[in-house]
Amino acid sequence: MTHPHAEPHARTEPQNEPPAHPSHPSPGDSAAWDERYASAEQVWSGDPNGSLVAEVTGLAPGRALDVGCGEGADAVWLARLGWDVTGLDVSKVALDRAERHAADAGVRVTWVRSGLVDAPLPSGGFDLVSAQYPALLRTPDHQAERALLAAVAPGGVLLVVHHADVEAGSGHGFDPADYVMPADVAALLGDGWQIEADDRRPRTVRGGAGAGHSHDLVLRARRRS
Ligand SMILES: C[S@@+](CC[C@H](N)C(=O)[O-])C[C@H]1O[C@@H](n2cnc3c(N)ncnc32)[C@H](O)[C@@H]1O
C-alpha cells in the first residue's frame, strides 16, 4: 500500500547520532530501532494503547496518522474502527511486522517508512494525529513538535502520550530529556488550539517491553476550525 505522498519502506534518514545502546536506540535512528525490533518476535503488547482507546473511542473516523507506529497495534485498531490510517515509523522491521498484523486483521493501512521530520506528509492532512510514546528527538527549534502540529487538520485532534515514570539514568545511556514530551508540544499550542486533556493517569498494559510503566502523560488538543 502506498501513501500518495511517499515511498513506503524506501526512506531511511537517520536524524541524529549513532545509538548509545541497542535496547534504547537513539531517537530517529532506524538501524538501532531495527536492531531492537529484530531482537524479539514481538516487542510491544500487541494491544492498542489504553490512552489512545480512551481518547479516540467515540470520535467520528476520518484520516489518522500514527507517528512512531511500531508494530502497528494502534494503527490496526484505528483501521478496524473505520479510520483511514497512515502508520509512520523509521523501522523497516517494525513496519513489516505491522503490515502482517494489518493483513491478519483484514484491514488496510498505509505504511510510511520515515522519520517524522523528513516525512512528506500533507500539511493539515489528518483529523487525528496520534503519537504514543514517540521516540522523537528534541531539537532547539522544536522540529518534531512543529511537524506534529502541522499535520493536524482544522477541527482535528492531536494526541501525544508518553511515560510519566521514566527517569534519567534508568539505564543504557537512555536520557528522557532527549525526547519530545507532551509538555514540549503543549508549550507550542497557541490560540488556534483548544486543550481538551493534559494530565497524568494510570495505565495498564498486558505485557511486552512497555509493561513496566505505570503512568501516562496525556495531551489531547483540538485545532480550531
Ligand atoms: C517506544 S516505541 C512506541 C511504538 C508504538 N507507538 C507503541 O506504542 O507501541 C517508539 C517508536 O518510534 C519509532 N521512531 C523512532 N524515531 C522516530 C522518528 N523520528 N519518526 C518516526 N518514528 C520514530 C521507533 O521505531 C519506534 O517504533
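**Reading salt bridges, burial and helix packing**

Tutor: Start with a pair: Asp-96 and Lys-92 form a salt bridge, with their closest N and O atoms 2.8 Å apart. The model is predicted, so local features need pLDDT of at least 70 and side-chain atom pairs count only at pLDDT 80 or more, while totals for chains, interfaces and linings use all residues. Residues are numbered from 1 along each chain as its sequence is written, and side-chain values use heavy atoms, with hydrogens and water left out.

Student: What counts as a salt bridge, and how many are there?

Tutor: Side chains of opposite charge can pair when their charged atoms come close. The cut-off here is a side-chain nitrogen of Lys or Arg within 4 Å of a carboxyl oxygen of Asp or Glu. This rule gives ten salt bridges.

Student: How are Asp-96 and Lys-92 placed in helix α4?

Tutor: An α-helix has 3.6 residues a turn, so residues three or four places apart point the same way. Asp-96 and Lys-92 lie four residues apart in α4, which means a separation of about one helical turn. Helices are DSSP runs of H or I with at least four residues, strands are runs of E with at least two, and both are numbered from the N terminus. Asp-96 is partly exposed at 23% relative accessibility, and Lys-92 is partly exposed at 35%. The scale is: buried under 20% relative accessible area, exposed over 50%, partly exposed in between (1.4 Å probe, protein chains only).

Student: Which salt bridge links distant parts of the chain?

Tutor: Arg-201 pairs with Glu-55, their closest N and O atoms being 2.9 Å apart. Arg-201 sits in strand β6 and Glu-55 in helix α2, 146 residues apart. Both residues are buried, Arg-201 with a relative accessible area of 18%. The side chain of Arg-201 also meets that of Asp-199 in a salt bridge (2.9 Å, N to O); Asp-199 is partly exposed at 30%. Shared partners join Glu-55, Glu-196, Asp-199, Arg-201, Arg-220 and Arg-222 into one network of salt bridges.

Student: Which buried charged residue has no salt bridge?

Tutor: Asp-66, in strand β1 (residues 63–67), is one such case: the nearest side chain of opposite charge, Arg-203, is 13 Å away. For charge, Lys and Arg count as positive and Asp and Glu as negative; His and the chain ends are not counted. Beyond its neighbours within four places in sequence, Asp-66 is in contact (heavy atoms within 4.5 Å) with residues including Asp-74, Thr-86 and Ser-130.

Student: How many residues of helix α3 are buried?

Tutor: In α3 (residues 73–80), seven of the eight residues are buried; Trp-77 is among them. They pack against α2, β1, β2, α4, β3 and β4. Just after α3, Gly-82 has a positive phi of about 105°.

Student: At what angle do α1 and α4 cross?

Tutor: Two packed helices are described by the angle between their axes and the distance between the axes. Axes are lines fitted to C-alpha atoms, for helices over the stretch in contact, and angles run from 0 to 180 degrees between N-to-C directions. The axes of α1 (residues 30–38) and α4 (residues 92–105) come within 7 Å and cross at roughly 50°. That makes α1 oblique to α4, since angles under 35 degrees count as roughly parallel, over 145 as roughly antiparallel, 65 to 115 as roughly perpendicular and the rest as oblique. Asp-34, Tyr-37 and Ala-38 of α1 make the contact with Lys-92, Val-93, Ala-94 and Arg-97 of α4.
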